[in-house]
Amino acid sequence: MNIITKLAFAASLATALTSVALAQDSNLSGKVVGFSQIGSESGWRAAETSVTKQQAEERGVDLKFADAQQKQENQIKAIRGFIAQGVDAIMVAPVVATGWDDVLTEAKEAEIPVILLDRGVDAPEDLYLTSVASDQVKEGRVAGDWLVQAVGDAECKVVELQGTVGSTPAINRKQGFEEAIAGHDNITIARSQTGDFTRAKGKEVMEGFIKAENGGADICAVYAHNDDMAVGAIQAIKDAGLKPGTDIKVVSIDGVPDIFQAMVAGEANATVELTPNMAGPAFDALSAYLADGTEPAKFIITESKLYTPNDNPQAEYDTRKGLGY
Ligand code: AHR
């Protein structure tokens, strides 16, 4: 191919790609989508909210945002409001797994597609179009596998900070971690309590664990279902005169900037990344569905990558810090 032919080819490819992009946008542009968000309990949640708003704007979607302040009743009210307004689609990050059948049935009867973001529900699959989330059992397993490798044959008493009671990440991340340590009798979960995915509760519960475990001397590791609780636990460990990351290992899930900063300081040992961009794949699925009824996969699974201090935490912090966390 000579240079002129190459340029012509590049130009026609660019035109083709642009028209595909425009065609994709035109399925969503001007559409009204209701988004029932859980609240702002964690840095990760704040980032998901920003990314969702940004993804909507880029596609010309009119996003109606409702913050449920951690309450399922507020989410149900918001969804009923979206149905009454006759929105084109609904996105919901369900705070807990159960109690959704009625409102999802109402959305289905109104022929409004519902997309679940980042958490699952215990409801018939035909009540929602798709669910965009991580494999949360795998996240727990990745965290547990890391600990198994890190401690080898040494005795290790773990304390666990669980997420919100009844939420799928709390249930599944617990299960995955337990699966990973099963058969490694030197590793035991000595204490396990909810910290509700918040920094403040993570700190408070960790303080209780430290008191109950010989001032923290008997604790080998803390496994937190999210980074915010881990950051709270790190503070509690420091307040008790111990070194997080050394005296007590810290492993958690999310990959927020603050945990990478803690890694840089030697105070956190491992995190499993959860992308805050659930809305991108969700809007892609919705676009195809609205265009010609293409049914997306029922479960769109995002990646679960492990990060440790060997993965250049400073660079990871730098790439994430401006993303709305
Ligand atoms: O559902 C995802 C979890 O919810 C995130 O790990 C946590 O930070 C958030 O609050």
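1. The cavity count. This predicted model holds 1 cavity of 30 Å³ or more. A cavity is a set of points, on a 1 Å grid over the protein atoms alone, where a 1.4 Å probe fits but cannot get out. Grid points are joined across faces, edges and corners, and a volume is the space filled by probe spheres set on the points. The largest cavity contains about 110 Å³ of space. Its lining has 13 residues, and the closest to the centre are Trp44, Arg45, Arg119, Arg173 and Leu274; a lining residue has an atom within 4 Å of a point.

2. How the numbers were made. Residues are numbered from 1 along each chain as its sequence is written. In this predicted model local features need pLDDT of at least 70 and side-chain atom pairs count only at pLDDT 80 or more, while totals for chains, interfaces and linings use all residues, and side-chain values use heavy atoms, with hydrogens and water left out.

3. What lines the cavity. The lining of the largest cavity divides into 4 nonpolar, 3 polar and 6 charged residues. Here Ala, Val, Leu, Ile, Met, Phe, Trp, Tyr, Cys and Pro count as nonpolar, Asp, Glu, Lys and Arg as charged, and the others, Gly among them, as polar. Helix 2 (43-58) and helix 6 (168-181) each supply at least two residues of this lining. Helices (H or I, at least four residues) and strands (E, at least two) are DSSP runs, numbered from the N terminus.

4. The ligand. Which residues are around the ligand? They are Glu41, Ser42, Trp44, Arg45, Asp118, Arg119, Pro169, Arg173, Phe197, Asn226, Asp254 and Leu274, each having a heavy atom within 4 Å of it. An oxygen atom of the ligand is 2.9 Å from a side-chain N or O atom of Arg119. For Arg173 the corresponding distance is 2.8 Å, and for Asp254 it is 2.6 Å.

5. Two residues with positive phi. Most residues other than glycine have a negative phi. Asp118, although not a glycine, has a positive phi of about 60°. Asp118 sits in the loop between strand 4 (114-117) and strand 5 (130-134). Its relative accessibility is 5%, so Asp118 counts as buried (buried means under 20% relative accessible area, exposed over 50%, partly exposed in between, with a 1.4 Å probe and protein chains only). Phe197 is not a glycine either, and its phi is positive at about 65°. The place of Phe197 is the loop between strand 7 (187-194) and helix 7 (199-212), and Phe197 is buried at 2% relative accessible area.

6. Gln37. This residue is found in strand 1 (residues 32-37). Gln37 is buried, with a relative accessible area of 0%. Its side chain has a polar contact of 3.1 Å with the side chain of Arg45 and another of 2.9 Å with the side chain of Glu48. A polar contact is a pair of N or O atoms within 3.5 Å; within protein, one must be able to donate a hydrogen and the other to accept it, and residues adjacent in sequence count only if both atoms are side-chain atoms.

7. Helix 8. Gly241, with a positive phi near 80°, follows helix 8.

How values were computed. 1 Å grid on protein atoms, 1.4 Å probe; cavity = no way out; pocket = protein on both sides within 12 Å on 5 of 7 lines; lining within 4 Å.
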